[in-house]
Amino acid sequence: MKYPKITVVTPSYNQGEFIEATILSVIGQDYPDLEYLVCDGGSTDETVSILKRYDSKITWWCSEKDRGQSDAINKGMRRATGDIVCWINSDDVLLPGTLHTVAQFFHNHPDTDFANGCTAEIDRDGIIINFSHIVMSHFFFRHGCYNISQPGMFWRRSLFEKIGFLDESFHAKMDVEWLIRVYEAGLKVRRINRNLGAIRIYPETKTAQGGAIWKRDNDTIRERYQGCYLPELRTNYYPLFKLYKFLDGCNWRNAIRKWQYCGKPVTAYRENLKGMKD
């Protein structure tokens, strides 16, 4: 197989506690054609010193004031030259072997435009605490039932020419709005039924803190997409969505992975190493 070039973008701001683990999870993929771009928003903690430490392993990085996370991601994506792109936040990690798995999947499914894998959850210390498995269904998504695995989102860079970059007015649900545009454009969406990334769960995250940015993003989605894709729509469809996930095998797979890996460090995950060549 000819390995496609994969670009990984990391947006960062004052995540010195975690960014080294993020960097190591990317450069440690042992992937033969990797482009790694880090866009830091002018951090005042130890982030810059960590970036300098790995300067020879990072394709390009900057540390300068930006307009937020979406702006930082777009800055990296506009510099990207990979066939396939993704972003991994500076407190999250890619699981071992992920880029090989993604490359093989796009090779085996050449008509795929966008693919989403599943996600592990880790605590502040990088210990696996849970797994979140997904199904990809435009019908359920439009009716507010979805599981988005942002650390497992990969797509062809050519999509930017079709639907544009991230909407920088979004500061919480930029991944949701991006996937809405993918579906609305009729592009080919598939699931990679592997855990590809790990999201870190701790009190200071935007998800944990909630707040006005989530309401503002929801209101924008409501106006832009005629009231579709909103969580409050799921009331009548959620039981069917849960049944759909059960029949798909998500519950069993989730239980097995919990039994295998919960309580272990995220670096111990091995599913994506199967089949990798030495």
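Which helix gives the largest share of the nonpolar patch? I looked this up in a predicted model. Helix H10, residues 238-248, supplies four residues, the largest share.

**Entry: the patch.** I listed the members as Leu240, Leu243, Phe246, Leu247 and Trp252. Together they make a nonpolar surface patch of about 590 Å². I then placed Trp252 in helix H11, residues 250-261. I noted Trp252 as exposed, because its relative accessibility is 59% and the cut-off for exposed is over 50%.

**Entry: helix H11.** I checked the length next. H11 has 12 residues and spans 16 Å from first C-alpha to last, close to the 16 Å expected at 1.5 Å a residue. Which residues of H11 are buried? I found Cys250, Arg253, Asn254, Arg257 and Tyr261. Viewed down the axis of H11, the buried residues fall within an arc of 100°, so they line one face of the helix. They pack against strand S7 (128-132), strand S9 (189-200) and H10. On the face turned away from the buried side, I noted the exposed residues Trp252 and Trp259. Just after H11, I read a positive phi of about 95° at Gly263.

**Entry: Asp111.** I moved to the loop between helix H4 (98-108) and strand S6 (114-122), where Asp111 lies. Is Asp111 buried or partly exposed? I noted Asp111 as partly exposed, with a relative accessible area of 42%. Leaving out residues up to four places away in sequence, I found that Asp111 touches Lys188 and Arg190. I also checked Leu187, 76 residues from Asp111 along the chain. The C-alpha atoms of Asp111 and Leu187 are separated by 9.4 Å.

Technical notes
Residues numbered from 1 in each chain as written. Predicted model: local features only at pLDDT ≥ 70, side-chain atom pairs only at ≥ 80, totals over all residues. Heavy atoms only, no water. Patch = residues over 30% accessible without salt bridge, like charges linked within 9 Å, V, L, I, M, F, W, Y side chains within 5 Å. Areas by Shrake-Rupley, 256 points an atom, 1.4 Å probe, with all protein chains shown as cover. Salt bridge = Lys/Arg side-chain N within 4 Å of Asp/Glu carboxyl O. Helix = DSSP H or I, 4+ residues; strand = E, 2+ residues; numbered from the N terminus. Buried < 20%, exposed > 50% of the residue type's maximum accessible area, 1.4 Å probe, protein only. Contact = heavy atoms within 4.5 Å. Expected span 1.5 Å × (residues − 1). Arc of directions from axis to C-beta.
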